[in-house]
Amino acid sequence: MAKVAFIGLGVMGYPMAGHLKEKGGHDVTVWNRTSEKAAKWADQYGGKHAPSPREAASGAGFVFMCVGNDDDVRSVVYGEDGIFAGMDKGATLVDNTTASAELARELAEAASEKGIKFIDAPVSGGQAGAENGALTVMCGGDQADFGEAKPVIEAYAKMVGLMGPAGSGQLTKMMNQICIAGLVQGLSEAIAFGQKSGLDIEKVVSVISKGAAGSWQMENRHKTMNEGHYDHGFAVEWMRKDLGICLAEAKRNGARLPVTALVDQFYAEVEAMGGKRWDTSSLLALLNR
Ligand SMILES: NC(=O)c1ccc[n+]([C@@H]2O[C@H](COP(=O)([O-])OP(=O)(O)OC[C@H]3O[C@@H](n4cnc5c(N)ncnc54)[C@H](OP(=O)(O)O)[C@@H]3O)[C@@H](O)[C@H]2O)c1
């Protein structure tokens, strides 16, 4: 059992912190910007909540965070009430936020100057994965630090991998999002095509999902897409944040991402249709407009 802090109790963080308490059996203290959520979490799981990230992190062996973007991470890590101000030397900071690789390297360096260990650890698996404690966790950091943190992370994961030095977890998540962007556009075009052809989409998917075109998105999203429902899963505004991170990294490393850039523009159009909070399969709504 470890003393653990969790910062950021959103859709993902709330259940992840719950698994650290219930499944991991750890002594968990949480902090959330909107303090009602932290009080609710403490009531529900029997843990503690602190008045600032600094106080939550104080005395913890492992500090987790899962907030929105790079700026949000900086705002909870730095400053006199920030995580770094409370953390002890030798403790480990694990960032589950999907953020840039640059930020991960910056935090690793700043942590190292304070004698703190750092692991970037973005996740995949969505709200359901977080609630079921079955996330895929892509880590970047030092091998020995990862070895210590892995058994703690496993409380909310079904797969935890070290991909390389600091930033490698975020780069891996970028590959994940690049795969999804093109794939969901392809799936949307196929469903729109099938609908226009008068095919029974359910019947078609029951056959082609078993062949080379099959995918998680096809299995899990075709039914709601065919019905025109886009109100679950990963929001378009989060996807645009992630694709922005991918495109900025590609500018730095010279990779070409023509389809990713195009799909990002399609998502911008979905947002203009009022779909900021629709899930990512809403690319179909654009084709069927
Ligand atoms: N949702 C998914 O399916 C999914 C899947 C994989 C990865 N992710 C990634 O996981 C991260 C969190 O996603 P989520 O869906 O849990 O988001 P969310 O429900 O919007 O929650 C965001 C959390 O971050 C906190 N926060 C945001 N900005 C902050 C700031 N400046 N200072 C302090 N706290 C701040 C929020 O506090 P308040 O409660 O006060 O607003 C909330 O606790 C994102 O990076 C997202 O891309 C999400």
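Tutor: Axes are lines fitted to C-alpha atoms, for helices over the stretch in contact, and angles run from 0 to 180 degrees between N-to-C directions. Helices are DSSP runs (H or I, at least four residues), numbered from the N terminus. This model is predicted: local features need pLDDT of at least 70, side-chain atom pairs need 80 or more, and totals for chains, interfaces and linings use all residues. Residues count from 1 along each chain as its sequence is written, and side-chain values use heavy atoms, without hydrogens or water.

Student: How do I read two packed helices?

Tutor: Give the angle between their axes and the distance between the axes. Helix α6 (residues 101–113) packs on α9 at about 165°, axes 8 Å apart. The two are therefore roughly antiparallel (over 145 degrees).

Student: Which residues of α6 and α9 meet?

Tutor: A101, A104 and R105 in α6 meet Q170, L171 and M174 in α9 (heavy atoms within 4.5 Å).

Student: At what angle do α9 and α12 pack?

Tutor: Helix α9 (residues 168–196) and helix α12 (residues 236–253) pack at about 115°, with axes 9 Å apart. They are therefore roughly perpendicular (65 to 115 degrees). From α9, L171 and M174 are among the residues that meet α12. On the α12 side, M239 and L243 are included.

Student: How many residues surround the ligand?

Tutor: There are 25, each with a heavy atom within 4 Å. The closest are N32, T34, K37, G68 and K241. A polar backbone atom of G68 is 2.8 Å from a ligand oxygen. For L9, a polar backbone atom is 3.1 Å from a ligand oxygen. The side chain of S75 has an N or O atom 3.3 Å from a ligand nitrogen.

Conventions:
Angles under 35 degrees count as roughly parallel, over 145 as roughly antiparallel, 65 to 115 as roughly perpendicular and the rest as oblique. A polar contact is a pair of N or O atoms within 3.5 Å; within protein, one must be able to donate a hydrogen and the other to accept it, and residues adjacent in sequence count only if both atoms are side-chain atoms.
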